[in-house]
Every structure is written in C-alpha cells, then in structure tokens.
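Let's read this structure together, one feature at a time. Have the sequence and the 3D view open as we go.

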Amino acid sequence: MTRPGAGLRFATVLWDGQATLVGVLDGAVVHLGAAARALRRGRKAAATGALPADMLGLIGGGPSGLRAAKAVLQAAARCLSDGTWRARPRDPVVRPLDRARTLSPIPRPPRNIFCVGRNYAEHAKERGADVPTVPVFFTKPPSAVVGHEAGVICWPATQNLDYEAELVVVIGRRGRDIPRARAYEYVFGYTIMNDITARDLQKKHTQWFKGKGLDTFAPLGPWIVPKSALPAPHALRIALRVNGEPRQEATTADMIFRIEELIEVLSAGMTLEPGDLIATGTPSGVGAGFVPPLWLAPGDVVEAEVEGIGILRNRIVAPGR
Ligand code: MN
C-alpha cells in the first residue's frame with residue numbers, strides 16, 4: 001500500500017533559460033504547465049483547479065494547487081510508464097533528471113532563512129556548548145542561497161570553512177501564535193540545507209550572521225517533498241559525506257526541540273509566511289569537531305542527505321570561477 005503523497009517531489013529547474021516549477025519522477029523532470037496542456041490536448045486531463053505558476057505559488061496555494069500539481073504529475077507518470085511520453089533532452093514536457101540544471105527549490109526566498117543552532121545534543125557538546133534549554137535562533141540571508149550542484153565559494157575571508165547537514169521545514173500557511181498541536185497544519189513540506197559556516201568568522205563576530213551569511217553559504221534542495229510524502233519527519237536518517245567519506249550520521253529523532261515546538265516558539269508574536277524556511281539544526285560530526293579540524297577546501301564534494309528527501313550535493317570552489 002502506498003501513502004497518498006508517496007514519492008511526490010517538486011523542484012525548480014532552469015528550463016530553456018527560465019526558472020520553472022517541475023515535478024520529479026524517477027529519472028525525469030516534468031514541466032507541470034506544459035504537461036497539463038499536453039494532457040488536455042490528448043483528452044487525458046486529470047487536473048482540476050488552477051496549476052501554480054511557480055514554487056512559491058505551489059507552497060502558498062493551499063490544498064487545491066497542490067492537488068492540481070499532483071494530478072498532473074501522476075498523469076505524466078502514467079504516460080511515461082505506458083510509453084506515450086519519453087524523457088528527452090529538448091522535449092517540451094519531460095526531460096531526463098540527470099540533464100536538468102536544478103536551482104534552489106525557492107530560487108530567492110522572500111526573506112531570511114530561520115535557523116536553529118545546537119539542536120542536537122552531541123553537536124552542542126562537540127562545539128563546547130551547553131545543551132540549550134530554549135531554541136537558539138539565527139538567520140541566513142536570501143542572498144546566500146544556491147541550489148543542488150552549485151558551487152560553494154571558499155571566500156578569502158575565511159580559513160575555516162565547515163558544513164552542517166540539516167532538515168528544513170517549508171512553511172505553507174501564514175500564522176502567528178501557532179500552538180504545537182496545530183504546527184503541522186502550517187507545514188507545506190521539507191527540503192535539505194547545508195548550513196555552510198565560516199567558523200573563524202562565526203567566532204570572531206560573536207553573532208553568527210556574518211560567518212553563516214556569505215554568498216553561496218545556503219545550498220538548498222534538491223527539491224521539496226510535500227508533508228504527505230514524509231509523515232514522520234522525526235524518524236529520518238540524516239547524513240553528510242565529504243568526497244564520499246562519512247562525517248555526519250544521525251537521526252532526526254535526536255533533535256532537542258522538535259518541529260512542532262520550533263514552530264510554536266518561533267511564531268509566538270511573530271508571523272510566519274508561506275515560503276518561510278526553518279533549518280532545524282545539525283547533528284555532530286562537523287569539521288570543527290575533529291582533532292585536528294577538517295576544513296573544506298576547493299575541489300571537495302559535499303553531500304547532505306536526508307532519508308525520504310534525497311541528496312543535496314555541492315562542490316567547494318575557489319572565488320572567481
Ligand atoms: Mn546549522
């Protein structure tokens with residue numbers, strides 16, 4: 001038996017030069033707008049209701065927009081499996097996933113990304129910090145966001161470049177003073193962030209914004225999984241590898257403050273908006289925790305993985321490339 005949303009994934013890819021909302025199937029990306037038109041022409045229209053124009057439209061569009069997008073994607077999956085459609089590099093409707101240039105699922109988030117520091121006890125300890133009794137919030141600017149496979153720049157401003165694999169909650173509905181019992185009503189879905197950190201700047205400036213806010217320091221993606229496809233977000237393996245070598249390996253069950261509590265505390269007196277992102281913190285195994293520390297350098301390939309979502313992969317690059 002499959003869950004209602006099993007396998008649902010939505011991405012933003014560069015499609016003929018345009019940032020475009022696509023559905024992701026095994027090995028293929030589906031241009032939802034073009035697929036809906038093709039299905040109507042072939043009188044196979046499964047879609048009802050208006051199809052969202054982009055990812056923010058999908059996230060904030062409520063259940064009807066998601067239903068329409070899901071219906072188009074499922075019809076497309078049938079057309080692919082019965083051979084009516086084929087994924088081809090220049091096809092107007094379906095293209096091979098491995099040829100797609102994936103952007104951040106929300107190419108430019110409307111405002112700063114909310115982040116939680118020290119939300120796994122073992123990570124707090126490896127950083128020499130006390131286990132917090134209230135969530136530690138900070139933010140990263142939208143200008144730091146890049147997508148899957150994008151380069152992360154090792155800026156001359158830092159000698160201590162580090163990684164942090166994190167599960168990200170995507171808010172789908174406006175709300176304030178959200179009680180934890182209703183928190184998931186405000187969740188659209190989930191993605192992955194690598195909370196790239198310049199440890200020397202983080203320490204030097206005391207506040208974390210500078211050390212975590214440089215350009216390319218917020219890789220996001222590769223796509224967003226709606227919450228119906230991920231009904232147990234606190235039972236997921238979370239891992240990070242550098243050049244294939246395991247560095248972080250934990251479970252989201254180990255979070256100190258769970259998603260419902262983070263939403264309750266963050267939304268107290270503060271409005272959350274559709275498209276807001278909450279990065280829920282990283283487990284132990286960051287580069288700074290090794291003796292001697294293991295800093296990232298140009299050429300390194302970093303993979304952040306969360307079970308049920310996928311793998312966010314980025315290469316560290318020197319500036320000016
Ligand atoms: Mn972090």
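A: Strand β15 (residues 237–242) and strand β16 (residues 245–251) pair in the antiparallel sense over six bridges. Strands are DSSP E runs of at least two residues and helices H or I runs of at least four, numbered from the N terminus; two strands pair if DSSP finds at least two bridges between them. This is a predicted model, where local features need pLDDT of at least 70 and side-chain atom pairs 80 or more, while totals for chains, interfaces and linings use all residues. Residues are numbered from 1 along each chain as its sequence is written, and side-chain values use heavy atoms, without hydrogens or water.

Q: Which residue stands opposite P246 in β16?

A: That is R241. In the hairpin of these strands, with two residues between them, N243 takes a positive phi near 50 degrees.

Q: Which residues coordinate the manganese ion?

A: Donors are N, O and S atoms within 2.8 Å of the metal (3.2 Å for Na, K and Ca); water is not among the atoms, so sites may look incomplete. Here E164 (OE), E166 (OE) and D195 (OD) coordinate the manganese ion at 2.0 to 2.2 Å. E166 lies in strand β11 (165–171) and D195 in the loop between β12 (187–194) and β13 (197–198), so the pair ties together parts 29 residues apart in sequence.

Q: Are E166 and D195 buried or exposed?

A: Buried means under 20% relative accessible area, exposed over 50%, partly exposed in between (1.4 Å probe, protein chains only). Both E166 and D195 are buried.
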